[in-house]
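Here are my notes on the model you asked me to look over. They are set out as numbered points, each of which can be read with the structure open.

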Amino acid sequence: MSQKTGNRRERLRRATLEEIHAAARKLLVEQGSAAVTVNAVARQVGMSGPALYHYYSGHDELVGAVTAGFFRELTAAVEQGRDAHADAPTGERLLAACRAMRAWAVAHPAEFGWIFANPVAPPDRRPDSSRHQAALRFEYVLLDLVAELWRTRKFPVPDLAALPASQREQLIAYSESIDGRLPPEAAHVFLSCWIRLYGLLCMEVLHQLDFAYTDAEPVFEECLRDLAVTLDLAATAD
């Protein structure tokens, strides 16, 4: 097979994969996650269910690939928000990245829910899976900014010895899993910030705050102010 023929086939394959992902997204947005089946996606792109197996081995692999694509899109949006303030202090870039994350989540509630609200299939827990790698890249955007804060001017942290033994062990394991970017006590602060930020976003995107707040942006900004205090961003801006 000539290189020209090979390149053409690869272009056609990439185009078909993009069409498959677009079809899965359309089904997700219009009908919900349960509608994203192999046969339904195949019908959307004008092929048979068995034909789609030439591209994905089954539903789990399809879901993993679509999820990875959403993660990459979200990561790009967060990085763009961060890089729009490239000359600003680290704390300002971190807050800009958080705002960009919320903007994407609010604009893409179905995709946000697909990424974070669905259980991860076992094959996608492998370190070499595309979904896992895409998720790590997203995680490290915020993690690396907090690690940069820590290197520049350490923020307040709890006494590790005062934490419950189980929590200490998990924080030590997490610190090791991120190659020591943050020591366990600083990882505790990072994870606490992420849990609050993520929890608030989930409540907003899933309309769990509508009983009181139909416009949650002021609540999100209040959360960011609290996180700024936790990370001592006023001090890092001096």
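**Notes on the model**

1. Cys 223 counts as buried, at 2% relative accessibility. Please keep in mind that this and every other value below comes from a predicted model.

2. Which cysteine sulfur is closest to that of Cys 223? The closest one belongs to Cys 98, and at 8.2 Å it is too far away for a bond. A disulfide would need the two sulfur atoms within 2.5 Å. Cys 98 is therefore in no disulfide either, with the sulfur of Cys 223 as its nearest cysteine sulfur, 8.2 Å away. The count of disulfides comes to 0. Like Cys 223, which is buried, Cys 98 is buried, with a relative accessible area of 5%.

3. On the overall fold, the protein chain has 11 helices and 0 strands. Read from one end of the sequence to the other, the pattern is α-α-α-α-α-α-α-α-α-α-α. The C-alpha trace spans about 60 × 45 × 40 Å along its principal axes.

4. How much of the protein chain is buried? Of its 238 residues, 43% are buried. Among contacts with a separation of 6 or more, 67% are between residues 24 or more positions apart.

5. The largest nonpolar core holds 70 residues. Which of its members touch the most others? They are Val 41, Leu 182 and Leu 231. Helix H7, residues 130-152, supplies the largest share of this core, with 12 residues.

6. Leaving out residues up to four places away in sequence, Leu 231 touches Leu 94, Val 146, Leu 149, Phe 155, Val 189 and Cys 193.

7. Glu 79 sits in helix H4, residues 59-83. At 17% relative accessibility, Glu 79 is counted as buried because the limit is under 20%. Beyond residues up to four places away in sequence, Glu 79 touches Arg 137 and Val 141.

8. The other is Arg 102, found in helix H5, residues 90-107. Is Arg 102 buried or exposed? Arg 102 is buried, with a relative accessible area of 14%. Again setting aside residues up to four places away in sequence, Arg 102 touches Leu 201, Glu 204, Ala 216, Glu 217 and Phe 220.

9. Where is His 108 placed? His 108 is in the loop between H5 and helix H6, the latter being 109-117. With a relative accessible area of 21%, His 108 is partly exposed, since buried means under 20%. His 108 and Arg 25 are 83 residues apart in sequence, yet their C-alpha atoms are 11 Å apart in space.

Methods
Residues numbered from 1 in each chain as written. Predicted model: local features only at pLDDT ≥ 70, side-chain atom pairs only at ≥ 80, totals over all residues. Heavy atoms only, no water. Buried < 20%, exposed > 50% of the residue type's maximum accessible area, 1.4 Å probe, protein only. Helix = DSSP H or I, 4+ residues; strand = E, 2+ residues; numbered from the N terminus. Contact = heavy atoms within 4.5 Å. Core = buried A, V, L, I, M, F, W, Y, C linked by side-chain atoms within 4.5 Å.
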